[in-house]
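Biologist: I have a model open and want to learn how to read it. Can we take the features one by one?

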Amino acid sequence: MCGIAGILDVHANAPVSEQLDGLLAWLVKRGPDGEGRFVEGHLAMGMRRLSVIDLEGGWQPLYAANGQVVAFQNGEIYNYRELRSELERLGFVFRTHSDTETLAHGYVAWGIDGLLARVDGMYAMAILDKRSGALHLARDRFGEKPLFYASANGRFAWASNLLAVAAQPWVGTEIDPAALDDYLATHYTAGPHTFFRGVRRLLPGHRMVLRVADPQPQVLRYYRPTLDGDSLVGEEELAAALEASVRSRLVADVPLGIFLSGGLDSSLITAIAAKARPGIETFSMGFDSAAHDEAEHAQRVAEFCGTRHHRFRFDASSFETLLPQVAAELDEPIGDQATLPLYWLCREARKHVTVALSGEGADELFGGYGYYRQFLAGAGLVQRWADRLRGRPVAHPAHLDRFVRNSAAVTPSGFPLLTDANTRERLTGNSFTTPDRWESDLIAWLDTANDTHKRAMSTDLATWLPDNLLVKFDRMAMANSLEGRAPYLSSRLAEIALRNCAPFARMNLTDSKLALRRVARRWLPRDILERPKQGFVLPMKAWLRG
């Protein structure tokens with residue numbers, strides 16, 4: 001785990017290594033253990049390292065093809081041992097036990113597309129092929145690791161941190177109106193937009209290639225989940241994929257633990273992990289408000305699984321103290337209240353472990369949010385009337401053909417917006433009547449779903465998950481030099497979940513994540529499985545009144 005950065009400046013008079021200094025300075029918390037560099041001509045690439053695998057030998061860059069291929073990576077490749085064995089059978093010789101060296105040799109063996117098709121992991125990678133003069137950048141399938149870039153007039157910069165790129169003197173820092181509109185609607189920015197017009201986000205499942213001699217980036221998609229699958233998920237297949245994913249995320253040469261809320265998602269991860277690592281450490285956060293506190297439930301799971309449990313309490317004074325600290329750690333604003341206790345949890349966990357597993361992705365893949373119920377055939381009418389009585393926005397799927405500018409103030413997932421389109425237009429003067437390329441592409445993909453319930457879930461999989469939940473997890477963990485891993489985001493497990501054809505096999509009027517609950521009976525007792533979803537919500541009203 002680390003942060004990566006680079007600069008390509010064909011106009012540079014001073015050494016580009018000095019520009020790399022500035023980029024890497026933003027990444028020290030991501031990689032407190034040291035740095036690695038590659039500088040050649042107008043190109044400088046670097047990393048800051050948090051040592052997790054091959055503590056002695058895993059320093060980047062890693063090379064292949066007699067030094068002609070240079071690889072940097074932020075993240076972890078969970079199936080690197082299997083890939084390494086395959087490469088060794090092909091005759092490749094490894095000098096380290098690092099997963100990043102597998103990327104270097106894998107690129108030589110299979111090319112960039114073949115490599116990306118094989119890896120299972122969370123990553124932002126940069127691979128230079130000196131033979132062809134091509135620089136390749138890629139981001140993992142679901143957006144666990146960030147990668148920002150800017151390009152202008154023979155200059156190109158990239159980094160794991162948005163502000164590192166924005167700080168380059170040639171990068172424009174005007175506010176992007178589209179990003180501001182998204183933020184006012186959802187409290188996060190979606191798609192490739194960032195708050196700065198001059199900086200873009202490489203999307204999940206995308207890669208980029210450019211020539212070192214003429215840095216004109218070309219962005220390509222290498223992965224997108226298929227939404228038209230039509231089969232029921234077998235319990236054996238799902239259980240095997242889930243167990244394999246959790247076990248693969250336990251590989252580390254440093255202490256490892258789990259964020260345990262007491263809900264289904266993290267409890268299931270804990271139960272599986274505890275079988276493989278008896279006495280594994282778990283961490284939970286509680287609140288003074290009984291209506292918001294899940295700590296007792298987490299304690300129950302920890303006792304059942306036999307973990308070494310650590311329990312913390314977050315209160316109003318913690319909120320006041322941490323608010324400026326947390327704001328300072330964000331690349332750009334995120335209006336998610338859970339960011340604050342998550343920062344606290346990461347800080348305390350880092351005193352015991354270097355890696356922490358968490359349950360991100362389960363709700364989006366298995367149907368965990370209550371607002372998805374309005375898209376269940378047969379249940380939709382009941383749910384819509386219930387939502388009307390509660391004053392919640394209601395919409396028909398056919399009318400949800402925009403991200404945040406529908407007639408009802410919801411996204412295509414049914415996620416309620418903070419402000420409707422008319423309110424935002426009055427505030428900013430921007431109307432955005434025509435969808436941009438990213439939005440049009442998103443809606444076209446959603447329309448390939450074979451039912452409206454899966455269409456709703458997939459909206460959050462492509463927006464809420466990578467642009468809010470995973471941003472929050474990554475930034476708060478990395479602010480404390482902690483590596484966060486999300487076992488539900490294995491591509492194999494995700495594809496199985498999305499293939500589950502019938503909406504009522506995912507959710508009904510009373511229960512969510514039905515497929516996940518069925519397989520969880522193998523590891524967890526009934527009283528834990530039957531708890532309703534609570535969510536990581538703070539008692540904000542009482543605190544703000546105070």
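**Reading the backbone**

Modeller: Start with a residue that sits inside. At 2% relative accessibility, lysine 513 counts as buried. Keep in mind that this is a predicted model.

Biologist: Which loop holds serine 481, and what is its phi?

Modeller: Serine 481 lies between α16 and β17 (483–485), in the loop there. Its phi is positive at about 55°, and again the residue is not a glycine. Is it buried or exposed? Buried means under 20% relative accessible area. Serine 481 has 11%, so it is buried.

Biologist: Now a helix. How do I check the length of α6?

Modeller: Count residues, then compare with the end-to-end distance. Helix α6 covers residues 235–248, 14 residues in total. At 1.5 Å a residue it should span 20 Å. Its end C-alpha atoms are 20 Å apart, so the two agree.

Biologist: Which residues of α6 are buried, and what do they pack against?

Modeller: The buried ones are Leu238, Ala239, Ala241, Leu242, Ser245, Val246 and Ser248. They pack against helices α7 (264–276), α11 (362–366), α17 (491–499) and α18 (514–520), and against strand β16 (355–357).

Biologist: On to cysteines. How many disulfides are there?

Modeller: Compare sulfur positions across the structure. A search of the whole structure finds zero disulfides. Take cysteine 346. The closest cysteine sulfur is in cysteine 2, 18 Å away, which is too far for a bond. A disulfide needs the sulfur atoms within 2.5 Å.

Biologist: Next, open spaces. What is the volume of the second largest pocket, and which residues are closest to its centre?

Modeller: The volume is about 700 Å³. Of its 29 lining residues, the closest to the centre are Leu203, His206, Arg221, Trp438 and Asp441.

Biologist: Which elements build the lining of that pocket?

Modeller: β12 (218–221), α14 (437–446), α15 (452–462) and α16 (464–478) each supply at least two residues. The largest share comes from α14, with five residues. By class, the lining has 16 nonpolar, five polar and eight charged residues.

Biologist: What lines the second largest cavity?

Modeller: Read the list, then sort it by class. The lining is Phe148, Tyr188, Thr189, Arg201, Asp331, Glu332, Pro333, Ile334, Asp467, Val471 and Arg475. Five are nonpolar, one is polar and five are charged. The most comes from α16, with three residues. Helix α16 also supplies at least two residues to the lining of the second largest pocket.

Conventions. Residues numbered from 1 in each chain as written. Predicted model: local features only at pLDDT ≥ 70, side-chain atom pairs only at ≥ 80, totals over all residues. Heavy atoms only, no water. Helix = DSSP H or I, 4+ residues; strand = E, 2+ residues; numbered from the N terminus. Expected span 1.5 Å × (residues − 1). Buried < 20%, exposed > 50% of the residue type's maximum accessible area, 1.4 Å probe, protein only. Contact = heavy atoms within 4.5 Å. 1 Å grid on protein atoms, 1.4 Å probe; cavity = no way out; pocket = protein on both sides within 12 Å on 5 of 7 lines; lining within 4 Å. Points joined across faces, edges and corners; volume = space filled by probe spheres on them. Nonpolar A, V, L, I, M, F, W, Y, C, P; charged D, E, K, R; others polar.
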